[in-house]
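Please read it alongside the coordinates.

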Protein chains: 2
Amino acid sequence: MEEKLMRKLGSGSLDFESYFSEKALDMKASEVRELLKLVEAGDVISLAGGLPAPETFPVEIIKEITEDVLAHHADKALQYGTTKGFTPLRLALADWMKKRYDIPTSKVEIMIVAGSQQALDLIGRVFINPGDVVVVEGPTYLAALNAFKYYDPEFISIPMDDDGMRVDLLEEKLEELRRQGKKVKFVYTVSTFQNPAGVTMSLERRKRLVELASEYDFLIVEDNPYSELRYSGEPVPPIKHFDDEGRVLYLGTFSKIFAPGLRLGWIAGEPHFIRKIEIAKQAVDLCANTFGQVMAWKYVADGHLDRHLPKVIEFYRPRRDAMLEALEEYMPEGVKWTKPDGGMFIWVTLPEGIDTKLMAEKAIKKGVAYVPGEAFFAHRDVKNTMRLNFTYVPEETIREGVKRLAEVIEEEIRALKA
Amino acid sequence: MEEKLMRKLGSGSLDFESYFSEKALDMKASEVRELLKLVEAGDVISLAGGLPAPETFPVEIIKEITEDVLAHHADKALQYGTTKGFTPLRLALADWMKKRYDIPTSKVEIMIVAGSQQALDLIGRVFINPGDVVVVEGPTYLAALNAFKYYDPEFISIPMDDDGMRVDLLEEKLEELRRQGKKVKFVYTVSTFQNPAGVTMSLERRKRLVELASEYDFLIVEDNPYSELRYSGEPVPPIKHFDDEGRVLYLGTFSKIFAPGLRLGWIAGEPHFIRKIEIAKQAVDLCANTFGQVMAWKYVADGHLDRHLPKVIEFYRPRRDAMLEALEEYMPEGVKWTKPDGGMFIWVTLPEGIDTKLMAEKAIKKGVAYVPGEAFFAHRDVKNTMRLNFTYVPEETIREGVKRLAEVIEEEIRALKA
């Protein structure tokens, strides 16, 4: 419908489609973003989003920091910066990663990007040849699929369980590929509190994955936006911590620990890899926004980050708990869900035969929205799953939302049996 | 040398190059950026940069705006935004372009990008198929060549004179292509105070270019970062002003009229084209930094931009004058240069036979740096030109820099004759 409207708006004589590149003709809008547009109208409780709660933004700290930056660093903060990023920020992040994760930053270089979404695109650009095998989790982060897809990889999807990616199944796949004379270019994993599944890769599997990378000669892209948001359980070190050979490209972001509106993330990796990604970034946008980088530097280096994080965690924990409790209370038999120790999402699996994409419209009519799981699978071959977000709406709304959702699901299950 | 150092730094067992995509193996660092690194050391006057003077940044206004934004719009400014950009900013820009250039914004949609460099990359992504013909000016903006190159176009370079692109020569080329059954995908032009040449396309040529676009069915990418920086002469409307059919994609930027550190630019174009570029941007970085967008909105909508611009102009005019006077005073016979009415650059042409790339090292030894012109030509077939910047260093330094440069050139001319 929107496409039609567009044609109408530009009702000149141009045949717009005829100018697009082949690849552009294939580009589709993100389904999640399109769905969210629908939800904006009416009394719909949205568990579909992926936004942090604005209440967690450190507004007072940011006021203090911007005053400081404009008083003492305006010349730098308002000027073009180097492509690799603002050096004091890069150093502060190196310190912080060393302290927090014991990642030996002497062998690691850090570059700043415009949010980790840009890191995904640049990694696609620098590493993927058409046809290259890229391993992802099933389900995996939707926007990573979108970013990589442009570069025409062959995706292999490895199932997950409560301990994250089934590294044993990965190994079988690697063996199979080896027999075919094929290699994997990289394995992409959201290692901790995965988006969308909420699960965390176990310590054992992390170590094994690094061994396999060496044995079968592939790289690992570890996307880690959520690990700071831990509400229960024991921390697990990032995969990067176990990386002796420089095979892991680690992606961090300020979106969940500072503010997404600054669009800042970073890549920590082997200097030779970083150098090439830096050159790719030059052609794409010259540098990340400097003002935000100088702010982020003060935020990390002056200890605001470490002081603010506990507040974010205390804010989100009751929401996570509320959703888990409501699922327990309302969901009919046959429905399963993950129990995340942190992050922003819970993954729900319905009985086989229910298509959550078809169900979504009914749910919106009943006043609740979720993201159908299909798009999170590289091959779109799983229909009965959904992602729920628990960070954006308050506890009571979460309870009401889950209750409404349970009613819709109950009807579907009844219809299935009929 | 740097490459060697990198290998050494990452002296593990990995063969880094083996992981890169074919395209990444071809990626080279921007020569200008590399040159600028050399210049940082020692008593070298750099006329090589392309930076605005930090003295022109409206720091006091920015202080006021950030306070306002954090007090009243923090929730929006710190959150993820839509890919198309912050709506109040898009509307404010539409108003401003209507008022300033009489561009009928009812038929035009505006989207926000991370600086116009990102616009160039996204336009490459959305429009260029490998082998598509892209017309550029000779010389043209270096970073545009870099951005487009990734998408493998065939570049055709049209010479310039004091009235900008030789549209008559373009027409000949179009005829020739037509005979070969070929079409041009788009013409890329920095229409006003061009980077690097400093010249402005005449009114007549603008109109003719739009006619040709219709006649030969191509698009026009009008990159217009400098037109607000006019120090003399009469304003010329942008090419977009003459665009009835929706063939012109207009690129604006806040880098020269606000602050480059915010990394914000915009594309104004036919809604159907904008829609596709928006989808491309989703995969690349989700959205431009929201905090900066809300700041830019206040800057435009509250009239700060219109009040601040005259100050920037008054600041730069004496620098432009100083450089023109110094060139007149010091340059030996046989050297020619452009006389820009605005912008940031003057283009110098030396006698045939002098290679400014070879001369650059000698100049740096004599304490002055410039950008050799070769890299600004799509086919690198012109060796005797250079770009000088007059916005970054003060008048006296400009005079001294040009004097040093003239001495180097004089020696070269002598050597040429010997």
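In this predicted model, the largest nonpolar core has 167 residues. Those with the most contacts inside it are Phe127, Phe186 and Tyr188 of chain A, listed as A:Phe127, A:Phe186 and A:Tyr188, together with B:Phe127, B:Phe186 and B:Tyr188. Helix α13 (residues 304-330) of chain A gives the most to this core: eight residues.

B:Phe186 shows the packing in detail. Leaving aside neighbours within four places in sequence, B:Phe186 is in contact with residues including B:Phe127, B:Phe148, B:Ile123 and B:Leu219. B:Val133, B:Val134 and B:Val135 are also among its contacts.

How are the two chains related? A rotation of 180° with 0.0 Å of shift along its axis superposes chain B on chain A, with an RMSD of 0.0 Å. That is the relation of a two-fold axis. Of the interface residues of chain B, 100% are also interface residues in chain A, so the copies meet through the same surface.

Now to helix α14 (residues 356-365) of chain B. Its residues sort by burial as follows.

| Class in α14(B) | Residues |
|---|---|
| Buried | B:Thr356, B:Met359, B:Ala360, B:Ala363, B:Ile364 |
| Exposed | B:Leu358, B:Glu361, B:Lys365 |

Seen down the axis of α14(B), the buried residues fall within an arc of 145°, so they line one face of the helix. The exposed residues are on the other side. B:Asp355 caps the N-terminal end, with a side-chain oxygen 2.8 Å from the backbone nitrogen of B:Lys357. Just after the helix, B:Gly367 takes a positive phi of about 90°.

Conventions
Residues numbered from 1 in each chain as written. Chains lettered and ligands numbered in written order. Predicted model: local features only at pLDDT ≥ 70, side-chain atom pairs only at ≥ 80, totals over all residues. Heavy atoms only, no water. Core = buried A, V, L, I, M, F, W, Y, C linked by side-chain atoms within 4.5 Å. Buried < 20%, exposed > 50% of the residue type's maximum accessible area, 1.4 Å probe, protein only. Helix = DSSP H or I, 4+ residues; strand = E, 2+ residues; numbered from the N terminus. Contact = heavy atoms within 4.5 Å. Least-squares fit on C-alpha atoms with pLDDT ≥ 70 in both. Arc of directions from axis to C-beta. Polar contact = N/O pair within 3.5 Å; in protein donor to acceptor, adjacent residues only side chain to side chain.
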